[in-house]
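Trainee: I would like to go through this model element by element. Please show it first.

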Amino acid sequence: MPELPEVQTIVSDLAPLLPGLSVVRASYVGKLGQELLRKSRVDLALSLPGKKVTAVRRLAKQVVMDLDSGEYLIFHLKITGRLLLRNEEDVPDEFTRLIIELSGGSSSAKAPSFAKASDDKPEDKRELRFTDRNGFADAYLVTNTELDQVAGKYGLEALDEKLTVARFYELILGSTEPTVKETLLNQKIISGVGNIYADEALFLAKIHPTVRSKQVTEEQAERLLAAVRQVLNEGLRDRGTTIDSYVDPFGNPGKHQENLRVYGRSGKSCLVCGATIEYTEVGGRRTFFCPQCQSLPQLSLF
Ligand SMILES: [Zn+2]
């Protein structure tokens with residue numbers, strides 16, 4: 001499931017390439033495309049053509065494209081969504097639901113020339129393909145006000161400097177989520193930390209995932225915020241974690257799965273102390289931890 005580092009990698013890759021390109025056509029593909037259309041608030045095939053992309057950015061775990069119409073095209077990849085930038089003649093991608101044909105950009109800056117067939121270079125005809133295996137991903141168009149409403153659903157970003165240790169500690173203590181891991185995962189409280197990076201951060205900070213939110217100490221909160229930032233930055237450096245389906249816009253997987261410290265390692269030895277990594281579920285989410293490095297304080301056992 002793409003989390004902050006994966007979505008940011010997609011955004012960083014697309015941001016230098018898409019602005020200036022205009023939508024020539026948008027089409028929903030086959031049955032999978034019809035499923036996506038049914039979820040859409042606006043029919044993208046009707047509303048996108050002629051509009052130009054002016055910026056690409058990230059809002060929590062969503063990719064946002066600013067359009068010159070004043071609207072915003074949002075892609076929420078959810079679990080298995082992918083946003084691929086291909087050339088028109090590239091082989092079809094599996095599970096494609098929507099194709100957005102783009103043209104313009106560098107070619108429009110060129111001096112007018114006598115049109116030849118060879119002038120129509122493939123790099124000037126790009127396709128943004130939105131694919132999704134399991135059907136939870138979403139693509140939709142919103143107004144400025146609606147974008148603000150979407151943004152309002154999220155708490156401060158984990159990497160935002162405005163999130164101080166004091167504020168972070170306050171948010172944890174004030175959380176209605178029973179455990180520290182569930183607090184980290186609640187995007188309304190702090191946004192950007194998903195399941196994999198939550199486990200990684202708790203391991204690094206030596207905090208058991210089921211510690212009660214109200215029992216987290218200030219010192220633990222300080223360690224945890226530093227750990228959250230470290231694992232997110234490592235994920236960014238490695239261009240994301242590919243466990244199931246995440247790939248960048250060019251179809252390449254991330255590398256951070258090779259550098260995970262605890263996630264997915266149940267039954268294996270802890271890289272720090274050698275104890276056996278354990279698996280449990282917290283708030284219904286897969287959870288990995290080291291029983292020795294992340295021992296549960298007596299206090300939380302009641
Ligand atoms: Zn350990």
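This is a predicted model: local features need pLDDT of at least 70, side-chain atom pairs count only at pLDDT 80 or more; totals for chains, interfaces and linings use all residues.

Trainee: Which residues of helix 8 make the contact with helix 9, and what is the handedness of the crossing?

Mentor: On the side of helix 9, the contact uses Leu-224, Ala-227, Val-228, Gln-230, Val-231, Leu-232 and Gly-235. By class, the residues of this contact are 8 nonpolar, 2 polar and 1 charged. Helix 8 supplies Tyr-197, Glu-200, Ala-201 and Leu-204, and the crossing is right-handed.

Trainee: How is helix 6 oriented to helix 9?

Mentor: The axes of helix 6 (residues 165-173) and helix 9 come within 9 Å and cross at roughly 115 degrees. The perpendicular range runs from 65 to 115 degrees. Helix 6 is therefore roughly perpendicular to helix 9.

Trainee: How many charged residues does the contact of helix 6 with helix 9 have?

Mentor: Helix 6 contributes Val-165, Phe-168, Tyr-169 and Ile-172, and helix 9 contributes Glu-218, Ala-221, Glu-222 and Leu-225. Glu counts as charged. The contact has 6 nonpolar residues and no polar ones, and the number of charged residues is 2.

Trainee: Which residue of strand 8 is the bridge partner of Phe-75?

Mentor: Strand 4 (residues 72-76) pairs with strand 8 in the antiparallel sense, over 5 bridges. In strand 8, the partner of Phe-75 is Ala-139.
To return to the name asked for, the bridge partner is Ala-139.

Trainee: In the sheet with the order 1-6-7-5, which residue of strand 6 is the bridge partner of Ser-27?

Mentor: This open sheet has 4 strands with antiparallel pairing, and its edge strands are strand 1 (21-28) and strand 5 (81-87). Strand 1 runs antiparallel to strand 6 (residues 96-104), and 7 bridges join them. In strand 6, the partner of Ser-27 is Ile-99.

Trainee: At what angle to strand 6 does helix 2 run?

Mentor: Helix 2 spans residues 30-39. This helix lies across strand 1 and strand 6. Its angle to strand 6 is about 85 degrees.

Trainee: Which element gives the largest share of the side of domain 1 that touches domain 2?

Mentor: The domain assignment gives domain 1 (4-151) and domain 2 (156-301), and their C-alpha centres lie 32 Å apart. In the contact, 15 residues of domain 1 meet 18 residues of domain 2. Helix 1 (4-14) and strand 5 each supply at least two residues of the domain 1 side. The largest share, 8 residues, comes from helix 1.

Trainee: How many charged residues are on that side of domain 1?

Mentor: The side of domain 1 that touches domain 2 is divided by class. There are 8 nonpolar and 3 polar residues, and the charged residues number 4.

Terms used:
Residues are numbered from 1 along each chain as its sequence is written. Two strands pair if DSSP finds at least two bridges between them. Two residues are in contact if their C-beta atoms, placed from the backbone, lie within 7 Å. Axes are lines fitted to C-alpha atoms, for helices over the stretch in contact, and angles run from 0 to 180 degrees between N-to-C directions. Domain bounds come from an automatic or database domain assignment. A crossing is left-handed if the near helix is turned anticlockwise from the far one by less than a right angle, and right-handed if clockwise. Angles under 35 degrees count as roughly parallel, over 145 as roughly antiparallel, 65 to 115 as roughly perpendicular and the rest as oblique.
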